[in-house]
Every structure is written in structure tokens, then in C-alpha cells.
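Have your viewer open, and we will go through a few places together.

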Amino acid sequence: MLFTTRRRAIITLSIFLILLLYLTRSFSILIPFSITIIALLLFYYIDASFKFNFPERFYIYIFLIFVFGTIIGADFTNFGFYYRLDFYDKILHFVGPFLLTAIMFFIINRLDITFKWKALISFGLIFGILGLFEIGEYLSDQFFGTLLQGVYTFDLVERIKLEAVLTPIDDTMQDLIYGLLGNALYVGYRSLMLFFEHRKIHP
């Protein structure tokens, strides 16, 4: 019954994205749309295969991360927030790791270890994923000529780069710092929860 509910949630989100594609009348949104659907299906597959029983809010987390990261952020024709708002990318690099750390902690929390180890492992794994993500951006820029590292202003009509707002190295370091802060914030939040729960039990 639980997985039926989640399957319906994924189908509902998929229909929403199809409607978005239809209403914008732009096929430039097709690739990020497909990536979002694949991410949701993969997340569902991992959930079902390993029997994690993720709460429904985690599916919403994944949906939001990919919608704001790939569709609203990168789509030139309709949104292009990466190119309109200099700070948009930094918000995502802060919020995304916060949400991902919540998911990772849920998984690690199953282990029979103390809280400090659960927090440390969750923190380390997510920060490692952030590092791999930045390496992926670097390799994409080097081999395919993309502009994933660095912050640039664009002419959204002609789709040409105008000037660099942040160099690739500055952008990468700031992305990691914001990701680290989001990661650490969730660990701090869980630590406070544990502290107050302990105070209730042992006033």
C-alpha cells in the first residue's frame, strides 16, 4: 500500500511536468524534464530495492532539487534563473545538501552505532557527493565545453556568454562552502533535537 501511494505520487509529479512542458510550448525543457523523471524513478527503485521505506516528503525533496536545479535554473527559454540571478546557484548549493543530508541520515540511522557516528558518516558522505559533483562539472567543462563552473551573465535571446561574474575556481569553492553549511546545518538541527529529547527524558 505504501509503495502504491509513492507510485501515484511519482505519476502525479510526472503529469505536472508534462503539463509544464505543454504550457511553456518549449522543447528546451524536455531534457531537464526527462532527468527529473529519471531521478524520481531511480529514487523509487532504490527505496523499493533496499526497503528503506522513505517518507513521502523525501520524494518531494528530490522533486524540488531537480525541478529548481535543472528546469527552473537551466532552461534558457522560459526560466534561466542561473543566468538571471547571480545568487540562485548558491541558494541551491545550500538547500540541496540540507535536504540530501536528511535523506542520508535517515539511511544511516538504521545502523547500530552512536549518534555522533551517524552524524559524522552522514556529513562525510554528503560532502563527498558534493565533491564528486564539482569534479563532474569540471570534466564536463573540459571535455564538452560546457560552462558549469563559474558564474556568467548571458544574453538570453542570443544565448551567448557576456562576462564572468565568478571565475570557475571561486564558483567551485563557494559552492562547496555553501554545501558544507547546508550539510552542517542539518547535522546541527538533529543534534539539537537529540539534546532537547534527552532533556525531556532527563530534566
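## Terms and model

A residue is called buried under 20% relative accessible area, exposed over 50%, and partly exposed in between, using a 1.4 Å probe and protein chains only. This is a predicted model, in which local features need pLDDT of at least 70 and side-chain atom pairs count only at pLDDT 80 or more, while totals for chains, interfaces and linings use all residues. Residues are numbered from 1 along each chain as its sequence is written, and side-chain values use heavy atoms, with hydrogens and water left out.

## The loop between H2 and H3

Let's begin with Lys51, which sits in the loop between helix H2 (30–50) and helix H3 (56–71). Helices here are DSSP runs of H or I with at least four residues, numbered from the N terminus. Lys51 counts as exposed because its relative accessibility is 57%. Its phi is near 55°, a positive value in a residue other than glycine.

Asn53 belongs to the loop between H2 and H3. Asn53 is not a glycine, yet its phi is positive, at about 55°. With a relative accessible area of 38%, Asn53 is partly exposed.

## The largest nonpolar core

A nonpolar core is a set of buried Ala, Val, Leu, Ile, Met, Phe, Trp, Tyr and Cys residues joined through side-chain atoms within 4.5 Å. Which members of the largest core touch the most others? Of its 21 residues, they are Phe43, Phe54, Phe58, Tyr61, Ile62 and Ile103. H2, H3 and helix H5 (88–108) are the elements that give two or more residues to this core, and H3 gives the most, with 7 residues.

Take a look at Phe43: setting aside neighbours within four places in sequence, Phe43 is in contact with Phe54, Phe58, Tyr59, Ile62 and Ile103. Contact means heavy atoms within 4.5 Å.

## Arg190 on helix H7

Arg190 lies in helix H7 (residues 168–201). Is Arg190 buried or partly exposed? Arg190 is partly exposed, as its relative accessible area is 24%.

Beyond its neighbours within four places in sequence, Arg190 is in contact with Phe105 and Phe115. Arg190 and Phe105 are 85 residues apart along the chain, and their C-alpha atoms are separated by 9.2 Å.

## Leu132 on helix H6

Finally, turn to Leu132, which is found in helix H6 (residues 115–144). Leu132 is exposed, with a relative accessible area of 58%.
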